[in-house]
Every structure is written in C-alpha cells, then in structure tokens.
Amino acid sequence: MKLYRWQQECLERWSENGCRGIVNAVTGAGKTELALAAIEHLRARQPRLRVKIVVPTIPLARQWETALRRRAPTEEYRPGFFGGGSRDDPDRAVMLYIINSARNTLAAQIRRELALGWCVLLICDECHHCQSPQNRKIFGFLTPEAPAAGRYCCLGLSATLHGTEEDSLLQRLLGPEIYRYDFDAAGQEGVIAPFALCEVSAPFAPEELEAYARLTSELRVLAVRLRRETPRLAGLEGSAFFREVRAMANRAGMDPEEPAAAFLLKAIRRKEISSLARARVCCALSILEHLSAADRVLVFCERIEQVCQIAEAVRVRWGNICGVYHSKLTAEAKARNLREFREGQSRILACCRCLDEGLDVPDANVGIVLSCASAQRQRIQRLGRLVRVAPGKDAACLYYIYIRESNDDAAYLPGLEGCETFSLRYYPGDNAFSNDLYEYAAGMLLARAGEKGYDGALLGELRRCLIEGLTRADWLRSAQTLEDRRRRAKSTRDRNYWRTMAAVGRLLRVEREGKSGR
C-alpha cells in the first residue's frame, strides 16, 4: 500500500507511541487507508491479533467493509458486522461495530480476548462520537486489573477535534493526539482537491424579518432580567451564556413562566424563523440554475421539508436528476438513492444531517448549505464531502447561504487560509445575484473590449460568458487549470467561456498583487 507522506509520518509516530494515539486529519485525506496500514503493521508483529473497528453510522460501516474486503489477505480476515440488524460471530479476526450497538457488548468481548492472550487493536473512526457517557462504555475493559499491558493498541480517527475538555477525556482513553493534518496542508500537498468557499447572503421576507426582530427585542429584555436576577450570568456571553441558561431552564422543567425557559423557547423560535426562511430554498434553486450540467451537487438542508421542496422543484424544472436522503426514508430507499447518485443516475442529492459523516462520493464537486447550524464540526464534515480527489475533478466549491438580517455567521469557516473565498448577494424579487469584485473585473474587461473595437457580436459573447461565470468559482481556479479546461473544451462556446474566466482571474490577481505591494 503506497502512503502519502503524512500517512507515513503518522504511522511512524503511532508505532513510536506504543501503537496508541489519535489522528486529527481532514476528511478526504486518507484516514481509512492509514488505519488499514496500521492493521498490516501490527499484524506483522502480532500474529494473534483481533481488530475491532467502531463507527457511528451504517453507511460509514459499509465503506469500511468495502475497504477491508478489498485488502483482506484471506477469508479469515474478512470483516464481521455487529449492528444495524447484523450479529456476526464476535470472535472473528476483524469486526465492525456500530457504536450504538457496541455500547453494552464490546468492552466485555475485548476483556475476554485480552484475558485469552490476544492482542486487540481498537480503531474508533469519527472518534469524537465516543465522548458521550453512553458511548464511553465501549472502554469499560480499561480497568486497573485488566491484563492489557502491551496488548491493547488503539487508533482514534477524526477530522473535528478542537482541544475541548471532552477531547481531553478522549485522549485518556485512546492516547494523545499524535498527528494533525488540516485543509491547508492537505491542499498544498495535493492530497485533497483545490476548493473555494462562496458565502451567499439572502434576505428575510418582510413578515419573517418582523417576527425575527420582535423575538430579538424580547430576548434582549429577558437577557437583562436573567443577568440581574442571576449574578453568575453577568460575565457570560455567547455560547457560555446559552449553556448556562439551558441548564437553568432544564432544572425548571422548561416551565415557560420561568425566565430561563422563556428565553430558551424564544431563542428556539427565532432560530427556526432563520432556518426555514423562504429565501434559503429559492437561493439554492437559483444557484442550481447557474451551475454547469456536469456538476455533481450535494444540497445540505436543515429540515426534511426543505429536502422535499428542493427535490420537487428540481423534478419540475429538470426532470428526475435529484435524489433525497433523510431519516424518514426506508433503509432500501436510502441505499438506492445513494447508489443512483454514486453511479451518476442522479446528479443532485438533497439531504439532512444524516449524511454529514460517512458519505463517500468523490465525484461530488459542489455543495450548497441551506442549514444555519453554527457547529464547526458539522461545517468541516460537510466541506469534507467535496474535497476528495477523483479522476477528472480539478476543483470543488461550497456555497453557504446565510440570512443577512439574522445572527447567522457570515463566514463559513473563519481562518481557513488555504482556499479561495468569494461572496454573493441574493435578491429574491429579481431571482438575481450580485458579486461586487467579479462585476468590477467584468466592467474592466468590457471597457477594454470596447476600446479594442469589438463588434456587437463579440461584445455580446463576452457578456454571455461573464454572466455565466458570475455565480461560479471558475475564475478562482489556477491559470493552468483554466488553460487545460479551454484546451479540452469541445465547442467554441465553451472555449470562449474558459478563456473569459482566465481573463477575469488574471485581472483580479494583478489587482490583488498590486494592492499587496508585490
């Protein structure tokens, strides 16, 4: 198995640390391949080896099963399955567990195997799921009297550890963080596809804005009252304030007459107004209209009703090219819709949170996020769905829709230095977008074309290309990528488009370098 540089370094650190530790690496960088290499490394040293792989979801377990079967040296090492209705013999050499099913059985099985002299390798994928009190039961074998010295090995895998108190607890169970590999490093080394982030502001409808403003005013009054009546709240802001108020509301039994519960209920209603703002779906559909017919698109929604609205609108406009995935579908329907998207029978997949983790669709190159969820973990996971390298995929783009009059974050992932970012402003009344930076460059190109004496037909073609590129990230691609696209284009129309995107990118690079003094 050929490893990337980071995987080889990480494997060496893991071995030096007694085959224990946590790897925090961006989704799509090859954590599964790293774990498979760790299994082979340990198997060469420990012939009496049992491998236990714990994952949070069935789709992720099936991906592991496929990867393991592809590399299993003999039938003896083909994985068994525990969870989701399957109960294979746990004495197999390799076992896959769904964490919800493993809570009350896995610790006893590992304790038994250690007592019988086996070496056990426990791999926890998306290991942040192991932090809850219930899920931590899988580590119940780690007692002072357990005969695990030198024979318990472990590997935690995650893309979203942030150094919180819960993560510190996890490190006591799986070992320290031995390697961190972020988007910037993975992008620079070509381990993930180049990508751009587009932050799209959309407005409330008038009645939504009125309701949101009224709740905001009421929340402000309640916050003042809570701080006055509860001194420990006085110095708290943001999420710390909300956590304490939530705890107070729960202690009060969510009695709406109590100030803390009243505050929490109003905050939930206000968030719902933003989450379900009509402009989110309208904006997403307008973005879809402006994308290329070759794009493979994931649409991340907040609610199932939004998933259904997107799918129905796409069906009416373009036919059966949009699949859906949400918790109310049967297992068979979920599997079928995923398979159709992977095989290209549909090119759009609208989903809720159930596909934030465990979805492996390397061909997907565009994401549209309707959800206003602010959890950084969720945002990283969704971006990770798009950046896997695949043949013919030279870039990815994620569109993040936020409501500009709300308290939504305007920046999807602040501080992400290694990617290009641009902004769009959506106007529902005209079903149109504006992009100030791009439109500045477009105006410059049209002015220069006029000075060069372009006739009406050429100016019209230039305007068409500029309009087509307004909402896309194509002008942010590298000069080499744009030239390659132009050369591969099969029509004059497409060649003109890629030539125009190269001109926009070149002009803005010159402007940017001039402002930075280079």
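Modeller: Happy to. The open sheet has 8 strands in the order 11-12-10-13-14-9-15-16, with mixed pairing. Its edge strands, strand 11 (322-325) and strand 16 (432-434), each pair on one side only, and the twist averages 20 degrees from one strand to the next. This is a predicted model, where local features need pLDDT of at least 70 and side-chain atom pairs count only at pLDDT 80 or more, while totals for chains, interfaces and linings use all residues. Residues are numbered from 1 along each chain as its sequence is written, and side-chain values use heavy atoms, leaving out hydrogens and water.

Strands (E, at least two residues) and helices (H or I, at least four) are DSSP runs numbered from the N terminus; two strands pair if DSSP finds at least two bridges between them. Strand 10 (residues 297-300) pairs with strand 12 (residues 348-351) in the parallel sense over 4 bridges, and there Leu298 stands opposite Leu349.

Now look at the loop between strand 15 (420-427) and strand 16, where you will find Asn431. Asn431 has a positive phi of about 50 degrees although it is not a glycine. Most residues other than glycine have a negative phi. Asn431 is partly exposed, with a relative accessible area of 33% (buried is under 20%, exposed over 50%, partly exposed in between, with a 1.4 Å probe and protein chains only).

Glu126, in the loop between strand 6 (119-125) and strand 7 (152-158), also has a positive phi of about 50 degrees, but Glu126 is buried, at 5% relative accessible area.

Technical notes:
Axes fitted to C-alpha atoms, helices over the stretch in contact; angles between N-to-C directions.
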